[in-house]
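Here are some brief notes for a colleague who is opening this structure for the first time. Please keep the view open while reading.

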Amino acid sequence: QVQLVESGGGLVQAGDSLKLSCAASGRTVNNFAMGWFRQAPGKEREFLAFINWNNADVLSADSVKGRFIISSDNVKNTVYLQMNSLKPEDTAVYFCAASSIYRNSNYYYTRETSYDYWGQGTHVTVSS
C-alpha cells in the first residue's frame, strides 16, 4: 500500500508562486508514474502533469504548460509541483497520485483512472 501526503497549499495573490510537495511512503518500489491533478468546486478533476518515476520524463497539460513544473526527488520519495504566475482560475484542491501500472504511453498517465493511489489534497486559493 502506498500513502501519499500533499503539502504546500495556501492563500496567495495573483502573480505569486507556490511549490507543492507530495511525500510517498509504504511500498513505493513498483511505482511507475506520479501525477498532479486539481479539482475546483463544481468542476471535474483536471490533469496537470506527470513524471515517469524511473527515467524522469515529464508531460504537462497545455492549460498550465510554461507555468507549472513537475519534478521529483527519488531519495526523499517526493514529487513536487512548482507553480508560477498563479491566476485566480488556478484556485482548486490539488491532488497527487501514483500509478503501479506500466504502459509505454504518455497519454495513459494523463487519465485519472490510470492511477491507483491518491492523496487527500491540498487547497490553493489565488486572490486577485
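1. Terms first. Two strands pair if DSSP finds at least two bridges between them. Strands themselves (E, at least two residues) and helices (H or I, at least four) are DSSP runs, numbered from the N terminus.

2. Ground rules. This is a predicted model, where local features need pLDDT of at least 70, side-chain atom pairs count only at pLDDT 80 or more, and totals for chains, interfaces and linings use all residues. Residues are numbered from 1 along each chain as its sequence is written, and side-chain values use heavy atoms, with hydrogens and water left out.

3. Strand S9. This strand spans residues 92-99. Is S9 mostly covered or uncovered? Mostly covered: 8 of its 8 residues are buried. Buried means under 20% relative accessible area, exposed means over 50%, and partly exposed lies in between (1.4 Å probe, protein chains only).

4. S9 and S4. Strand S4 (residues 33-39) runs antiparallel to S9, and 7 bridges join them. Phe 37 stands opposite Phe 95 in S9.

5. S9 with S11 and S10. Strand S11 (residues 122-127) pairs with S9 in the antiparallel sense, over 3 bridges. Here His 123 in S11 is the bridge partner of Val 93. Strand S10 (residues 117-118) is also antiparallel to S9, joined by 2 bridges. Trp 118 in S10 is the bridge partner of Ala 97.

6. An open sheet. Which order do its 4 strands take? The order is S1-S3-S8-S7, with antiparallel pairing. Strands S1 (2-7) and S7 (68-73) stand at the edges; each has a single partner strand, so one side of each is left without a neighbour in the sheet. Neighbouring strands are turned by 20° against each other on average, direction ignored. Those angles are taken between axes, which are lines fitted to C-alpha atoms (for helices over the stretch in contact), and run from 0 to 180 degrees between N-to-C directions.

7. S3 and S8 (residues 78-83) pair in the antiparallel sense over 6 bridges. Leu 20 stands opposite Leu 81 in S8. In a regular strand the side chains alternate between the two faces of the sheet.

8. Ala 23. This residue lies in S3 (residues 18-26). Ala 23 counts as partly exposed because its relative accessibility is 36%. Leaving aside neighbours within four places in sequence, Ala 23 is in contact (heavy atoms within 4.5 Å) with Gln 3, Leu 4, Val 5, Asn 77 and Thr 78. Ala 61 is 38 residues from Ala 23 in sequence and 22 Å away in space, C-alpha to C-alpha.
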